[in-house]
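Here is a short briefing for a first look at this protein. Please keep the sequence and the 3D view open while reading.

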Amino acid sequence: MHSKEFGPFAPRKEDILHYEPQYKIVSCWINGIKVTKMTDVRASLTDFLRNDFGLTSVKKGCEVGECGACAVLIDGESFNSCIYLAIWAEGKDIWTTEGLTASDGSLSIIQQAFVDEAAVQCGFCTPGFIVSATEIIARGKYYTIDELRKELANHMCRCTGYENILIAVQKANNIENGFELEEEHVVNRISQENKKDYM
Ligand code: FES
Ligand code: FES
């Protein structure tokens with residue numbers, strides 16, 4: 001076709017461009033607060049939480065659902081927010097690690113267990129682990145270290161190593177659900193007497 005029949009040098013014609021809307025309003029609950037926000041229909045929940053609400057505990061690791069760094073609770077279930085569209089959050093109850101801290105800044109039992117068990121090094125993977133651990137603990141069931149290893153297999157840590165993380169999750173689970181602390185939770189970490197500090 002001749003270049004003057006289309007493109008920038010063709011005669012103008014009046015018309016209206018029709019595009020599908022690129023933005024939608026999403027209403028949901030984030031860390032216990034009702035929010036309403038316009039978002040790009042292509043935005044991931046990770047970007048929505050980080051960019052629009054400053055919740056930077058939601059980490060961008062692989063961004064393809066492989067590492068667990070971006071995990072958040074959606075209606076009580078841990079989910080990789082990088083492979084979840086922000087617009088799917090409509091009406092959902094979302095929790096990030098920020099929401100687990102009390103209003104006076106004190107840490108939750110699972111957060112404190114990560115500190116006490118030296119389960120953090122660079123900290124990049126930590127919020128995701130804590131979110132998934134929160135779901136596990138809420139089940140009210142006892143878990144061995146091997147069972148927790150399977151439960152948390154979708155999370156990657158590149159520096160701490162997994163043992164301390166698993167011990168921290170088991171300890172928080174035992175404390176929250178009233179199971180006896182195990183030896184590895186006590187030695188060089190917290191004593192049974194100090195256990196009351198967590199209650
Ligand atoms: S950043 Fe979402 S799973 Fe890795
Ligand atoms: S503490 Fe660095 S990746 Fe887990």
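A residue is buried if 20 or more other C-beta atoms lie within 10 Å of its own, exposed if 12 or fewer, and partly exposed in between, with C-beta atoms placed from the backbone. Helices (H or I, at least four residues) and strands (E, at least two) are DSSP runs, numbered from the N terminus. By these terms, helix 1 (residues 45-53) has the buried residues Leu45, Thr46, Asp47, Phe48 and Leu49.

This is a predicted model, in which local features need pLDDT of at least 70 and side-chain atom pairs count only at pLDDT 80 or more, while totals for chains, interfaces and linings use all residues. Residues are numbered from 1 along each chain as its sequence is written, and chains are lettered from A and ligands numbered from 1 in the order in which they are written.

**Domains**

- The protein chain is assigned domain 1 (23-99) and domain 2 (109-198). Such bounds come from an automatic or database domain assignment.
- Taken over C-alpha atoms, the centres of domain 1 and domain 2 are 24 Å apart.
- Contact between two residues requires that their C-beta atoms, placed from the backbone, lie within 7 Å. Across the two domains, 14 residues of domain 1 are in contact with 13 residues of domain 2.
- On the side of domain 1 that touches domain 2, strand 3 (71-74) and strand 4 (77-80) each supply at least two residues. Strand 3 gives the largest share of that side, 3 residues.
- That side of domain 1 has 7 nonpolar, 5 polar and 2 charged residues. Here Ala, Val, Leu, Ile, Met, Phe, Trp, Tyr, Cys and Pro count as nonpolar, Asp, Glu, Lys and Arg as charged, and the others, Gly among them, as polar.

**An annotated span**

- An unreviewed UniProt entry carries the annotation "domain: [2Fe-2S]-binding" for residues 96-170. UniProt positions are given in the numbering used here, feature names are shortened, and annotations may be inferred rather than shown by experiment.
- Residues 96-170 are 49% helix and 0% strand. The C-alpha atoms at the ends of this span lie 20 Å apart.

**Helix 3 against helix 5**

- Helix 3 (residues 126-138) and helix 5 (residues 162-177) have axes that come within 10 Å and cross at roughly 35°. Axes are lines fitted to C-alpha atoms, for helices over the stretch in contact, and angles run from 0 to 180 degrees between N-to-C directions.
- The crossing of helix 3 and helix 5 is right-handed. A crossing is left-handed if the near helix is turned anticlockwise from the far one by less than a right angle, and right-handed if clockwise.
- Helix 3 contributes Phe129, Ala133, Ile136 and Ile137 to the contact, and helix 5 contributes Ile165, Val169, Ala172, Asn173, Glu176 and Asn177.
- By class, the residues of this contact are 7 nonpolar, 2 polar and 1 charged.

**Val131**

- Val131 sits in helix 3. Val131 counts as buried because 27 other C-beta atoms lie within 10 Å.
- Beyond its neighbours within four places in sequence, Val131 is in contact with Ala71, Val72, Leu73, Ser78 and Thr97.

**Around helix 1**

- Strand 2 (33-40) and strand 3 are among what covers the buried residues of helix 1.

**Loops between strands**

- Asn31 lies in the loop between strand 1 (23-30) and strand 2. Asn31 is not a glycine, yet its phi is positive, at about 50°. Asn31 is partly exposed, with 19 C-beta neighbours inside 10 Å.
- Gly32 is placed in the loop between strand 1 and strand 2. Gly32 is exposed, since 9 other C-beta atoms lie within 10 Å. Gly32 and Gly99 are 67 residues apart along the chain, with their C-alpha atoms separated by 7.6 Å.
- Asp75 is in the loop between strand 3 and strand 4. Its phi is positive, near 50°, in a residue other than glycine. Asp75 counts as exposed because 12 other C-beta atoms lie within 10 Å.

**Asn80**

- Asn80 belongs to strand 4. Asn80 is buried, with 25 other C-beta atoms within 10 Å.
- Setting aside residues up to four places away in sequence, Asn80 touches Gly65, Gly68, Cys70 and Ala71.
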